[in-house]
Amino acid sequence: EECSQENVAPVLPESLNITEKDDSWEEQEYVFDSVTAAIVDCGDPFWSRACTQDYCNAQKRATEKAGRIMSIPYLLSAICAPFLGRAMDSVGRRAAFATVCPIL
């Protein structure tokens with residue numbers, strides 16, 4: 001049964017003992033007593049397509065979402081800079097604004 005909460009990472013297996021090799025996998029065998037997020041390499045087809053596909057898909061979605069959110073300040077800066085620059089040129093007092101703006 002799938003987890004009904006949106007912001008919960010999919011469950012990782014507790015341990016692995018895979019000694020059969022598929023040609024697309026990067027390693028000869030996957031033997032771990034304890035599987036943690038640090039061990040999972042979503043670039044390896046074993047993890048991304050077989051063993052922890054749900055986990056890797058969730059990680060990819062989270063990375064994309066974080067990238068979109070973190071780009072907002074740069075987007076606002078690109079949109080507002082010409083208008084604020086023009087206003088600054090007409091008003092003057094650049095040093096005063098440069099001192100006060102970081103406080104806001």
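In the predicted model, a nonpolar patch on the surface is formed by Ile69, Ile72 and Leu76, which together have about 280 Å² of accessible area. One of these residues, Ile72, is found in helix α3, which covers residues 72-91. The relative accessible area of Ile72 is 43%. Because this value lies between the limits of 20% for buried and 50% for exposed residues, Ile72 is described as partly exposed.

Aromatic contacts were examined next. A pair of aromatic rings is described by the distance of the centres and the angle of the planes. The structure holds six aromatic pairs. One of them is formed by Tyr30 and Phe46, with 3.8 Å from centre to centre and 10° between the planes. Since planes under 30 degrees apart count as stacked, the pair of Tyr30 and Phe46 is a stacked one. This pair links distant parts of the chain: Tyr30 belongs to strand β2 (residues 30-32) and Phe46 to helix α1 (residues 45-51), and the two are 16 residues apart.

Both partners lie under the 20% limit for buried residues. Tyr30 has a relative accessible area of 2% and is therefore buried, and Phe46, at 3%, also counts as buried. Phe46 forms a further aromatic pair with Trp47, at 5.1 Å centre to centre and with 80° between the planes. Here the angle is over 60 degrees, so the arrangement counts as edge-to-face. Trp47 is buried, as is Phe46.

Technical notes
Residues numbered from 1 in each chain as written. Predicted model: local features only at pLDDT ≥ 70, side-chain atom pairs only at ≥ 80, totals over all residues. Heavy atoms only, no water. Patch = residues over 30% accessible without salt bridge, like charges linked within 9 Å, V, L, I, M, F, W, Y side chains within 5 Å. Areas by Shrake-Rupley, 256 points an atom, 1.4 Å probe, with all protein chains shown as cover. Salt bridge = Lys/Arg side-chain N within 4 Å of Asp/Glu carboxyl O. Helix = DSSP H or I, 4+ residues; strand = E, 2+ residues; numbered from the N terminus. Buried < 20%, exposed > 50% of the residue type's maximum accessible area, 1.4 Å probe, protein only. Phe/Tyr/Trp six-rings, centres within 6.5 Å; stacked < 30°, edge-to-face > 60°.
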